[in-house]
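This report concerns a single chain of the structure shown below.

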Amino acid sequence: MRIDDVPQDNGLNEGVKELTYAVDEQGRYVRVTSLGWEPKTTTNDQAWEVIDGEIAEAITLYHAGKRSPLAFHMASNLMNVALLASYMNLPRWRVRRHLKPKVFENLKSDLINRYAQVFNISADELQQVPPDSGV
Amino acid sequence: MSNPTIEIPFVHRQSAHCETGVMSNLLTHHGLEISEALVFGIGAGLFFGYLPFIRLNHLPLITYRAATGRIMTRTAKELGVRMVWQKFRSPRQGMDQLDRQLGVHIPMGCRTGAYWLTYFPKRYRFHFNMHNLVVYGRRNGDYLISDPVFPEPVTIPAANLMKARFAKGPLPPKGRMYRIDRISRDADLPQAITRGIRQACRTMLKSPGPFLGIKGMRYLASQIEKWPAKLGEHRASHYVGQVIRMQEEIGTGGGGFRFIYAAFLQESATILGNPRLEEATQRMTAIGDRWRDFALMGSRICKHRASENETYPAMAAIIRDCAAREEQLYRDLLEMIA
């Protein structure tokens with residue numbers, strides 16, 4: 001990659017410059033900053049589309065009365081049951097139960113606080129789920 | 001208990017990759033000026049693996065570098081640098097020990113998960129547990145961080161650093177912390193470089209099984225051709241996206257570390273007084289460019305903007321081209337340093 005070819009496609013990096021290695025006209029390697037490269041933004045977008053889809057699904061299921069708020073917070077923190085269970089030091093079957101609205105409603109405050117702490121939010125915020133955008 | 005400000009005079013030098021950047025900056029701090037590229041080469045970081053049986057978010061794992069931590073440990077060994085590593089069961093203990101080391105002005109390298117690093121741009125924050133950074137101080141409730149992939153030092157609240165050091169998920173860091181203890185002998189740079197090149201070439205040429213090294217590249221190429229039929233267009237494009245992300249997103253300096261390696265070969269040409277390595281540099285640069293060609297074509301397929309010639313077989317052909325060129329280059333490199 002030549003210095004002139006180092007991409008400066010702003011997108012994914014949000015203006016943060018990363019470092020790449022490129023050659024000058026004499027063929028000597030130089031360290032050059034880059035604002036980003038379009039293929040990186042495209043593929044990163046693709047990964048986030050999947051995640052955003054999972055978050056949207058959790059929101060829809062919550063408003064349909066089929067999932068507890070926990071499902072939304074789990075998805076929006078990019079976690080699955082296995083990872084969340086690991087953070088909570090709980091077996092997976094228990095975390096799965098907590099995804100049920102009725103079970104979650106009756107959770108002891110100690111567990112609620114621990115979940116909230118995993119997500120870096122308050123116990124109140126743990127109860128909140130955004131409105132269903134219906135996409 | 002007092003919470004004094006500590007700021008160790010640590011020189012932050014931005015790098016392309018976290019592990020090599022941390023090592024280069026720590027070595028420099030301790031009086032041994034070794035560039036990131038040299039660390040990458042001496043540590044034999046160059047690699048390739050296509051591991052479809054290991055999944056990240058249901059997508060196959062592709063790696064362009066050696067196993068995490070190995071670049072540092074190999075570099076330390078080859079340069080006569082003694083490093084001390086620690087890991088912790090208790091986050092509290094891990095943070096207390098960090099504070100103790102900072103208190104005696106020792107900058108500490110830490111392995112962390114990326115998700116809890118609040119200074120990362122949002123779209124880079126995934127549950128990826130193989131990040132490295134240096135902690136060089138604390139001020140009020142924050143720690144001072146030299147994260148080599150960022151342009152300048154950053155700060156992070158103590159609670160978030162603790163979460164990052166003790167993140168869960170695949171390959172959890174368990175609070176792993178390391179420092180350079182002493183540099184025990186004069187580094188024999190030519191020997192370290194030669195051994196590093198030999199190690200990388202052998203690994204790429206001779207790793208057993210179909211998934212690693214040159215064979216791994218060829219295996220990936222043959223799989224890519226099958227993806228549309230096997231997975232359907234939608235899922236196939238996600239697999240392609242995954243390959244591109246592993247090649248370009250995680251701080252590889254471009255071309256799946258091939259450009260960094262070319263820079264290493266160029267430095268080595270001077271240090272070893274071996275002009276043939278300059279030819280190797282140019283060939284490796286061209287190879288890096290080919291990997292970039294693959295990424296460009298792949299991203300257009302992901303966006304459904306592919307032209308007639310931008311197809312899965314065409315992508316596979318580029319990877320086969322990379323495999324053939326790399327194979328010949330590693331064979332020639334072994335001769336060049338013999």
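The model is a predicted one.

On this basis, B:Gly49 belongs to strand 2 of chain B, which covers residues 46–56. B:Gly49 is buried, because 23 other C-beta atoms lie within 10 Å, and the cut-off for a buried residue is 20 or more. Beyond the neighbours within four places in sequence, the contacts of B:Gly49 are B:Thr63, B:Phe211, B:Leu212 and B:Gly216. The C-alpha atoms of B:Gly49 and B:Ala66 are 8.9 Å apart, with a separation of 17 residues in sequence.

One of these contacts, B:Gly216, falls in helix 7 of chain B, which runs over residues 213–248. The end C-alpha atoms of this 36-residue helix are only 18 Å apart, whereas a straight helix would reach 52 Å at 1.5 Å a residue. Helix 7 of chain B also has a bend of about 125 degrees at B:Leu231.

The domain assignment divides chain B as follows.

| Domain of chain B | Residues |
|---|---|
| Domain 1 | 6–33 + 81–183 |
| Domain 2 | 189–336 |

The C-alpha centres of domain 1 and domain 2 of chain B are 30 Å apart. Contact between them involves four residues of domain 1 of chain B and four residues of domain 2 of chain B. On the domain 1 side, the touching residues comprise three nonpolar, one polar and no charged residues.

Definitions and conventions:
Residues are numbered from 1 along each chain as its sequence is written. Chains are lettered from A and ligands numbered from 1 in the order in which they are written. This is a predicted model: local features need pLDDT of at least 70, side-chain atom pairs count only at pLDDT 80 or more; totals for chains, interfaces and linings use all residues. Helices (H or I, at least four residues) and strands (E, at least two) are DSSP runs, numbered from the N terminus. A residue is buried if 20 or more other C-beta atoms lie within 10 Å of its own, exposed if 12 or fewer, and partly exposed in between; C-beta atoms are placed from the backbone. Two residues are in contact if their C-beta atoms, placed from the backbone, lie within 7 Å. The expected span of a helix is 1.5 Å times one less than its number of residues. The bend at a residue is the angle between axes fitted to the seven residues ending there and the seven starting there. Domain bounds come from an automatic or database domain assignment. Ala, Val, Leu, Ile, Met, Phe, Trp, Tyr, Cys and Pro count as nonpolar, Asp, Glu, Lys and Arg as charged, and the others, Gly among them, as polar.
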